[in-house]
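Subject: Structure handover

Hello,

Here is the structure I promised to pass on. My notes follow below it.

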Amino acid sequence: MCRSIKTLRPPATPEVHDEDIRAAALQYVRKVSGFHAPAAHNREVFDQAVDAVTAATRELLGGLQIRGSAARRSPHADAP
């Protein structure tokens, strides 16, 4: 859909920041709405949508269980 939205799920992206999540949400809302920068009368609903998609993305990433994630860690990760 949006080529500029990157995968944020580990291990594809080992470290995800709030800025990454918000940028992906913004790109999604821009694509769906067809507005790169909405007019003043649409700004509030546009920003609310970005906030909602950001929150949903954060919830999704926080709830995902990645298969084999422990197996992919370095064998020395738990060593003292």
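I start with Arg43. Arg43 counts as partly exposed, because its relative accessibility is 34%. (Buried means under 20% relative accessible area, exposed over 50%, and partly exposed in between, with a 1.4 Å probe and protein chains only.)

Some ground rules. This is a predicted model, in which local features need pLDDT of at least 70 and side-chain atom pairs count only at pLDDT 80 or more, while totals for chains, interfaces and linings use all residues. Residues are numbered from 1 along each chain as its sequence is written, and side-chain values use heavy atoms, with hydrogens and water left out.

Overall picture

The chain has 2 helices and 0 strands. (Helices are DSSP runs of H or I with at least four residues, strands are runs of E with at least two, and numbering goes from the N terminus.) Of the 80 residues in the chain, 18% are buried. Take the contacts between residues at least 6 apart in sequence: 57% of them join residues at least 24 apart. (Contact means heavy atoms within 4.5 Å.)

Salt bridges

There are 3 salt bridges in the structure. (A salt bridge is a side-chain nitrogen of Lys or Arg within 4 Å of a carboxyl oxygen of Asp or Glu.) Side chains of opposite charge can pair when their charged atoms come close.

- Arg43 pairs with Asp47, at 3.2 Å from N to O. Both residues sit in helix α2, 4 residues apart, about one turn of the helix. Asp47 is partly exposed, because its relative accessible area is 28%.
- Arg58 and Asp18 form a salt bridge at 3.4 Å, N to O. This pair links distant parts of the chain, with Arg58 in helix α2 and Asp18 in helix α1, 40 residues apart. Arg58 is partly exposed at 40% relative accessibility. Asp18 is partly exposed too, with a relative accessible area of 46%.
- Asp51 pairs with Arg22, and their closest N and O atoms are 2.7 Å apart. Here too distant parts of the chain are linked: Asp51 is in helix α2, Arg22 in helix α1, 29 residues apart. Asp51 is partly exposed, with a relative accessible area of 41%. Arg22 counts as partly exposed at 36% relative accessibility.

Helix α1

Helix α1 covers residues 18–33, which is 16 residues. From its first C-alpha to its last, α1 reaches 22 Å, close to the 22 Å expected at 1.5 Å a residue.

The core

The largest nonpolar core has 5 residues: Ala25, Val29, Phe46, Val50 and Val53. (A nonpolar core is a set of buried Ala, Val, Leu, Ile, Met, Phe, Trp, Tyr and Cys residues joined through side-chain atoms within 4.5 Å.) The largest share of this core, 3 residues, comes from α2. Both α1 and α2 supply at least two residues each. Ala25 touches Val50, Val53 and Thr54, setting aside residues up to four places away in sequence.

Thr57

Thr57 belongs to helix α2, residues 40–63. Is Thr57 buried or exposed? Thr57 is buried, because its relative accessibility is 19%. A polar atom of the Thr57 side chain lies 2.8 Å from the backbone oxygen of Val53. Thr57 also touches Leu8 and Ile21, not counting residues up to four places away in sequence.

The loop

Gly34 follows α1, and its phi is positive, near 80°. His36 sits in the loop between α1 and α2. His36 counts as exposed, because its relative accessibility is 58%. Leaving aside neighbours within four places in sequence, His36 is in contact with Arg30 and Phe46. The C-alpha atoms of His36 and Leu26 are separated by 9.1 Å, with the two residues 10 apart along the chain.

Best wishes

Conventions:
Polar contact = N/O pair within 3.5 Å; in protein donor to acceptor, adjacent residues only side chain to side chain. Expected span 1.5 Å × (residues − 1).
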